[in-house]
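Good morning, and thank you for making time on the agenda.

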Amino acid sequence: MSRISKNVILALFTLTSSAFLLFQLYYYKHYLSAKNGAALSKSKGSRIGFDSTQWEGWFPVAENMGFQCLKTESKDPRLDGIDSLSGTEIPLHCICKWATHAIHLVVFHGRSGSYLWHGHLRLKGHIDRKFVPFQKLQFGHYPGAFDRPELQQVTIDGLEILIPKDPVHFLEEVPHSRFIECRYKEARTFFQQYLDDNTVEAMTFQKSAKELLQLAAKTLNKLGIRFWLSSGTCLGWYRQCSIIPYSKDVDLGIFIQDYKSDIILAFQEAGLPLKHKFGKVEDSLELSFQGKDDVKLDIFFFYEDTDYMWNGGTQAKTGRKFKYLFPKFTLCWTEFVDMKVRVPCETIEYIEANYGKSWKIPIKTWDWKNSPPNVQPNGIWPISEWDDVIQLY
Amino acid sequence: MDDWKPSPLIKPYGARKKRSWYLTWKYKLTNQRSLRRFCQTGAVLFLLVTVIVNIKLILDTRRAISEANEDPEPEQDYDEALGHLEPKQQRGSGPRRVLDVEVYSSRSKVYVAVDGTTVLEDEAREQGRGIHVIVLNQATGHVMAKRVFDTYSPHEDEAMVLFLNMVAPGRVLICTVKDEGSFHLKDTAKALLKSLGSQAGPALGWRDTWAFVGQKGGPVLGEKHSKSPALSSWGDPVLLKTDVPLSSAEEAECHWADTELNRRRRRFCSKVEGYGSVCSCKDPTPIEFSPDPLPDNKVLNVPVAVIAANRPNYLYRMLRSLLSAQGVSPQMITVFIDGYYEEPMDVVALFGLRGIQHTPISIKNARVSQHYKASLTATFNLFPEAKFAVVLEEDLDIAVDFFSFLSQSIHLLEEDDSLYCISAWNDQGYEHTAEDPALLYRVETMPGLGWVLRKSLYKEELEPKWPTPEKLWDWDIWMRMPEQRRGRECIIPDVSRSYHFGIVGLNMNGYFHEAYFKKHKFNTVPGVQLRNVDSLKKDAYEVEIHRLLSKAEVLDHTKYPCEDSFVPDTEGHIYVAFIQMEKEDDFTTWTQLAKCLHIWDLDVRGNHKGLWRLFRKKNHFLVVGVPASPYSVKKPPSVIPIYLEPPPKEEGAPGAAEQT
């Protein structure tokens with residue numbers, strides 16, 4: 001009897017399980033079709049625009065030739081910085097394969113600050129991960145930013161195509177092209193909490209600081225010196241996507257290996273006289289230039305140690321030296337005040353080293369000798385060197 | 001896997017039968033122990049497999065759902081969301097091809113429900129009076145249009161007739177009356193309702209309630225009516241419940257050739273109604289225009305921002321004229337829609353243009369102003385290389401030579417710092433005061449209504465101090481303020497290159513439009529060659545004005561300037577009149593003169609250093625304010641400047657009316 005019931009139960013289990021399976025299969029199909037339906041109706045609203053129609057027109061041609069194509073689109077990052085705009089999806093990548101060959105089409109979009117941007121090739125759920133060996137693609141692991149290249153027409157294999165006039169420069173940019181977007185959403189939340197400073201003084205400062213930053217960037221780019229937003233300027237970018245109105249200066253970082261001796265002269269020629277120079281190339285170098293409207297440009301030089309980076313500080317009165325430690329970082333591009341500039345890719349670690357965990361809260365009084373959590377006393381300059389390492393103008 | 005349990009609800013039916021069947025089976029197998037074992041193991045394995053597959057399917061379905069939800073669909077306005085609901089049985093393609101429709105009409109409330117989904121509900125007080133009309137797609141049950149015609153008021157019935165005539169045959173029409181819908185329902189409208197098969201519609205009386213469902217050009221599917229018993233009371237509320245049979249999709253659609261354009265057209269026409277011949281099966285209006293390219297087009301790469309709200313019919317008309325203008329480049333056009341409205345977006349998609357929606361910020365004028373700011377910023381972000389942007393609004397017709405006009409004049413904006421904008425609109429360019437399409441002016445006021453903005457002006461001056469949302473300012477008034485304009489001027493044509501046709505709007509109504517906009521002159525001549533464009537530059541313009549004034553004949557100042565004979569019946573002469581203008585901001589006489597000339601008199605427009613230029617009877621007519629204007633020196637000593645008394649009483653300052 002017990003065996004009978006065991007068998008009955010087994011049979012019952014099997015039966016109900018199969019019934020449920022059928023039921024599930026039916027609904028699975030249903031959900032999939034519903035999902036596709038939703039995606040379709042969405043495309044009506046968003047995939048419009050002439051660019052996109054041209055883009056759409058491209059595929060039938062490729063597909064008719066026997067290519068299998070995969071395309072990705074995303075929302076337009078150029079609208080992200082503006083409150084509450086939405087609508088257009090822009091094409092990012094397209095991969096067309098034919099047997100063992102694949103063509104990777106990367107769509108570059110022009111952005112404010114006269115540079116080109118391409119998006120991240122994001123593999124969404126439904127994309128076949130083995131479509132092509134994605135790891136081997138040159139572009140798309142990250143979003144990227146490039147100088148807008150001048151183009152020239154060349155004929156390759158009888159085909160007229162455009163290539164950059166300076167292909168070497170373009171190719172050199174590729175490995176360092178990683179781009180990070182400003183955190184516009186978080187910035188909006190920040191302004192909801194702390195409100196934007198709309199006073200005339202704040203706006204005048206932001207305007208002068210922006211002009212100073214643009215001038216500095218132009219000068220350094222001309223010299224071919226890499227630099228990034230540091231300290232308060234970096235915090236302003238990361239926290240609120242703008243210049244902090246009560247900061248008094250613009251802060252840039254440069255690796256000491258990139259230092260060039262004609263930097264001071266170049267700034268002077270650009271109309272930015274040297275205000276002070278602390279330290280020397282071998283140790284704790286820091287330059288400060290006087291911009292218009294009392295806005296100062298501080299350039300900190302960064303030194304590399306075995307497991308951290310640091311820059312130095314000097315107290316003019318006492319000759320005391322300080323050292324500001326940062327975890328090691330690499331550089332990424334971003335867009336700030338209509339410009340393509342670098343920031344540390346590991347921004348949050350960089351900012352937390354400099355401002356602590358509570359960097360989100362605006363603080364108007366900041367003592368550069370005591371406030372930063374990453375400051376360390378670093379001895380004192382020998383009096384004999386003072387003339388050289390403490391220069392005030 | 002252990003917690004998986006079969007549903008306890010599913011019990012074996014006919015247990016006894018099953019048992020006997022099982023016994024036979026058991027008997028047969030008793031001696032084949034190994035086979036039995038095998039079967040049991042097989043069953044267990046099968047059970048395991050189905051359980052695993054079940055779980056996988058459950059997980060997959062869940063993921064599919066959560067992915068579908070992840071896509072952040074924009075929030076939709078309440079009625080938009082409603083408008084978009086599709087009846088449920090569409091999906092399963094079940095056999096029931098019938099919609100069940102409920103229509104309610106009463107004094108204070110109307111509603112329409114399609115398959116249990118409310119597609120219209122209006123019980124707001126003091127609004128929504130008249131006949132509500134809903135158009136459903138006969139194949140899908142989709143709401144394609146929703147309108148209300150306040151047929152208690154005059155002319156609304158004409159709009160209704162126009163609309164109903166545009167609806168394609170076969171569509172399902174639903175009408176319901178709220179409050180009162182008969183007072184100005186004239187014979188034409190009644191005849192149309194009769195032709196739709198309605199019995200009660202043509203006989204609709206004062207404060208009757210009425211609900212109607214019918215197919216255009218087809219059968220009536222239901223109608224209910226309740227007469228008002230007395231003048232002071234309303235008909236009883238009526239609730240009409242009826243079934244609407246759905247037809248197949250093929251019947252509902254036209255058979256246009258399968259092209260990219262027609263795919264866009266089909267998508268549009270299956271969604272919305274009320275656009276007339278664009279959805280006509282036999283002879284649809286084109287949606288692609290190939291205007292002649294403009295030789296040496298200087299504005300080919302200038303982005304065009306079209307600022308729109310929720311007036312899709314206006315947007316449709318506007319985009320048609322814009323895309324027909326010579327030298328237009330459609331890929332430079334972006335339409336910015338203030339709000340998550342579907343229908344304007346559908347119009348944009350019909351023409352294959354780029355559309356961007358904007359979550360509304362703030363209210364009324366400030367909302368418009370925030371929308372402008374976001375749109376301008378976005379335009380320069382999307383076209384980082386652009387030095388200018390053309391700003392248009394959804395209620396403008398664009399002249400055929402709009403881009404030609406800009407192409408010929410845009411270099412002025414680059415070369416002359418004293419310029420604020422180039423505008424296609426002449427505030428004083430009425431049919432009786434504008435004449436010469438080749439002529440340009442410099443004016444101290446900023447007309448808007450189709451204009452060119454310099455990027456540097458926007459980025460460096462305007463954007464940083466644009467009015468914040470809490471300031472309920474009009475963007476255009478703000479832009480006209482001296483702090484922003486800083487003495488700079490705009491270039492305008494004598495004959496406008498845009499035409500303001502909007503009569504519904506934030507600051508707009510029919511009367512106002514009739515009085516100030518309807519008679520505006522609008523250029524229809526293609527390829528006009530502008531005359532002497534460089535004389536519009538700051539210093540050259542002064543030379544030109546002095547030349548004109550020297551040539552001008554002084555009018556007889558003893559005559560009353562409002563009289564027709566003040567300007568002689570000649571052609572091609574230049575006349576000058578001197579009016580009193582004590583200070584730079586003394587416009588007393590000018591305002592009176594503007595009033596009697598029937599031109600813009602609500603504030604001062606079109607002046608340049610106390611000088612106004614217009615045409616009277618095909619003569620160039622200059623008005624100089626003495627002594628404030630530097631051109632007063634041209635006044636002969638004997639001439640006494642005209643002084644016109646303002647009306648004795650300030651009856652209702654007309655300051656409220658402003659164009660948007």
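Let me begin with a definition: helices here are DSSP runs of H or I of at least four residues, numbered from the N terminus. Please also keep in mind that this is a predicted model.

With that in hand, consider helix α9 of chain A, residues 347-355. What comes directly after this helix? The residue that follows α9(A) is A:G356, and its phi is positive, near 80°. Within the helix, A:T347, A:Y350, A:I351, A:A353, A:N354 and A:Y355 are buried. An α-helix has 3.6 residues a turn, so residues three or four places apart point the same way. The cover over the buried residues of α9(A) includes one helix, α7 (231-240). It also includes strands of chain A, among them β14 (296-304), β16 (320-326) and β18 (339-344).

I turn now to the layout of chain A. Its two domains are domain 1, residues 55-179, and domain 2, residues 182-392. Taken over C-alpha atoms, the centres of these two domains are separated by 34 Å. Domain 1 of chain A brings 16 residues to the contact, and domain 2 of chain A brings 10 residues.

The size of an interface is often given as the accessible area lost when the parts come together. Between domain 1 and domain 2 of chain A, the buried area is about 1,100 Å², and carbon and sulfur atoms give 51% of that area.

Six residue pairs are in polar contact across the interface, both residues of each pair being at pLDDT 80 or more. Strand β7 of chain A, residues 144-147, gives the most to the side of domain 1 that touches domain 2, with three residues. I would also point out a salt bridge between the side chains of A:R111 and A:E335, at 3.3 Å from N to O.

Chain B is next. It has 18 helices and 24 strands, and of its 660 residues, 54% count as buried. Among contacts in chain B with a separation of 6 or more, residues 24 or more positions apart account for 71%. Chain B is divided into domain 1 (98-251), domain 2 (304-534) and domain 3 (537-634). The centres of domain 1 and domain 2 of chain B, taken over C-alpha atoms, are 38 Å apart.

B:N137 sits in the loop between β4 (130-136) and β5 (143-149) of chain B. Is B:N137 buried or exposed? Its relative accessible area is 4%, and the cut-off for buried is under 20%, so B:N137 is buried. Leaving out residues up to four places away in sequence, B:N137 touches B:H142, B:M144, B:R171, B:L246, B:A252 and B:S270.

Finally, the cores. The largest nonpolar core has 121 residues, and those with the most contacts inside it include B:W590 and B:F621. Domain 2 and domain 3 of chain B both give residues to this core, so the core lies between them. Another core, of 66 residues, lies apart from it and includes A:Y184, A:I299, A:F329 and A:M339.

Thank you; I welcome your questions.

Key:
Residues numbered from 1 in each chain as written. Chains lettered and ligands numbered in written order. Predicted model: local features only at pLDDT ≥ 70, side-chain atom pairs only at ≥ 80, totals over all residues. Heavy atoms only, no water. Core = buried A, V, L, I, M, F, W, Y, C linked by side-chain atoms within 4.5 Å. Buried < 20%, exposed > 50% of the residue type's maximum accessible area, 1.4 Å probe, protein only. Domains from an automatic or database assignment. Contact = heavy atoms within 4.5 Å. Buried area = accessible area lost by both parts, 1.4 Å probe. Salt bridge = Lys/Arg side-chain N within 4 Å of Asp/Glu carboxyl O. Polar contact = N/O pair within 3.5 Å; in protein donor to acceptor, adjacent residues only side chain to side chain. Helix = DSSP H or I, 4+ residues; strand = E, 2+ residues; numbered from the N terminus.
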